[in-house]
Amino acid sequence: MPLMKSWVTSANAENHPFPLNNLPYGVFSTGDEEPRCGVAIGDMILDMAAAEEAGLVTLSDVPVFDLPFWNEVMELGPKAWGELRAALTELLAEGAAKASVVQPLLVPMSEAELHMPFLVSEYTDFYAGKQHATNVGTMFRGAENALPPNWLHIPIGYNGRASTVVVSGTDIHRPNGQLKAPDADAPSFGPCKRLDIELEMGAVVGTSTEMGQPVTVAEAEKMIFGYVLLNDWSARDIQAWEYQPLGPFQAKAFATSISPWIVTTAALEPFRTSTPQREKPLLPYLEEPRPGLFDIKLSAAIQPEGAASATTFSNTNYSEMYYSAAQQLAHHSTSGCAMTAGDLLGSGTISGADKSSYGSLLEVSWGGKEPLTLDTGETRTFIEDGDTLTLEGHAEGDGYRIGFGTCTGKILGAVKWP
């Protein structure tokens, strides 16, 4: 599919992340006005509350866009999602009959503040990138025992904290916690010393299921409203002490950052690609009815406080995942666990085959043994106070891109406590 032209001229610029092919959903505010739903088109945001009030877009008998979240739209289901995308395309396409009516409803993105695009109902983070799991397992258990025995059979995950999922641009305090050095007799309490990121994608679940009712991979795919970039901030030293036998807890609970725009599954359809060849056959309920991943180029960069620019240390691709979001969602439901509109599923760290494509500093520095040299000449094994981390991603089409915006977070010093 080639670039779809819009009368919003900035949307037609080469490599712009928000062409008419994209139309991602976010929440924005301007001045003293309340946050409300918006759609990115080029350098502008279409005020969906105003478009609804003007009768240009109607999805329900009651307003659904004058809210600071997209959950109400999600719950209308896939048929309404398709109708919305078709209506927006008609309103914003080159030569649109109602362009003059829509134009006053556009807000410059430079004048808007972006907010969380949806209310996160529950958050589950997976461990579904094979290269990442192999790297981490090799560091801690040796190459011969790198992957847990179940890893090639099920998408492993853990339940995280929805309360600390925040939008890009939110500052993050370095977490405090219990730490225990390998040569120490007892743990101590204090700020994390090995703070890290995990470069991930997040799948936004758009429809709900009843408790006790599992879904197939095909059904799960239809439930996914869209995708965001996701940074699963990780306190490696806190994690090392606490994770046995139940896995991550406080090491992950302090913050998770997401990009401000939900890129719909519909926008990503041209970029579908299959999960990799299986080393062991999956049980039938996890088999893909069609390709479940997307060809999305991803990067991670670090910028020390005061530095003129950031250093990119990872270039990878969402297609590196071993399990798709639909497989993860289907497995999540197998026990009868109810899924809710607004659930967020973290993909797990996305790492490629070599160091330049590793999605965490733990891997890039190989546990702190091989420091990363930044463009400034400084070195990093893990994140220092004042550092800003930025994730970016886009799918590359025929003369256009489908972008997510950036996912950034600056690390502040730990809160002094107790």
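For sorting the residues that line a space, Ala, Val, Leu, Ile, Met, Phe, Trp, Tyr, Cys and Pro count as nonpolar, Asp, Glu, Lys and Arg as charged, and the others, Gly among them, as polar. The model is a predicted one, where local features need pLDDT of at least 70, side-chain atom pairs count only at pLDDT 80 or more, and totals for chains, interfaces and linings use all residues. Residues are numbered from 1 along each chain as its sequence is written, and side-chain values use heavy atoms, with hydrogens and water left out.

Let's start with the empty spaces. Rolling a probe the size of a water molecule over the atoms shows where empty space is left. The search runs on a 1 Å grid over the protein atoms alone: a cavity is a set of points where a 1.4 Å probe fits but cannot get out, a pocket is an open set with protein on both sides within 12 Å along at least five of seven lines, and lining residues have an atom within 4 Å of a point. Grid points are joined across faces, edges and corners, and a volume is the space filled by probe spheres set on the points.

Two cavities of 30 Å³ or more turn up in the structure. The second largest cavity has a volume of about 30 Å³, and its lining includes Leu 3, Asn 15, His 16 and Tyr 400. Sorted by class, that lining has five nonpolar, four polar and one charged residues. The largest cavity comes to about 40 Å³. Its lining is made by Glu 221, Ile 224, Tyr 227, Thr 265, Arg 272, Gly 292, Phe 294 and Ala 326, which split into four nonpolar, two polar and two charged residues.

As for open spaces, the largest pocket holds about 740 Å³. It is lined by 29 residues, and Tyr 127, Val 136, Gln 239, Tyr 243 and Pro 248 are the closest to its centre. Two or more lining residues come from each of β6 (123-126), α5 (130-141), β7 (157-159) and α7; such helices (H or I, at least four residues) and strands (E, at least two) are DSSP runs, numbered from the N terminus. By class, the pocket lining divides into 13 nonpolar, eight polar and eight charged residues.

Next come the charged pairs. A salt bridge here is a side-chain nitrogen of Lys or Arg within 4 Å of a carboxyl oxygen of Asp or Glu, and by this rule there are 19 of them. One joins Glu 198 to Lys 252, with 3.0 Å between the closest N and O atoms. This pair links distant parts of the chain, 54 residues apart: Glu 198 is in the loop between β12 (195-196) and β13 (199-205), and Lys 252 is in helix α8. Burial is judged by relative accessible area (buried means under 20%, exposed over 50%, partly exposed in between, with a 1.4 Å probe and protein chains only). Glu 198 is buried at 5%, and Lys 252 is buried too, at 7%.

Two residues of the largest cavity's lining, Glu 221 and Arg 272, also form a salt bridge, their closest N and O atoms being 3.3 Å apart. Glu 221 sits in helix α6 (residues 217-223) and Arg 272 in strand β18, so the pair ties together parts that are 51 residues apart in sequence. Both Glu 221 and Arg 272 are buried.

Lys 355 and Glu 370 make another salt bridge, with the closest N and O atoms 2.4 Å apart. Here Lys 355 lies in the loop between β22 (344-346) and α11, and Glu 370 in the loop between α11 and β23, 15 residues apart. Lys 355 is partly exposed at 36%, and Glu 370 is partly exposed at 37%. Salt bridges that share partners also join Asp 196, Glu 198, Asp 232, Arg 236 and Lys 252 into one network.

Most residues other than glycine have a negative phi, and most peptide bonds are trans. Asn 15, however, has a positive phi near 65°; Asn 15 lies in the segment before β1 (25-29) and is partly exposed at 34%. Trp 366 has a positive phi as well, near 45°, and is found in the loop between α11 (361-364) and β23 (372-373). A cis peptide bond joins Gln 244 and Pro 245, with omega about 5°, and Pro 245 is in the loop between α7 (236-242) and α8 (250-253). Another cis peptide bond, with omega about 0°, joins Trp 417 and Pro 418.
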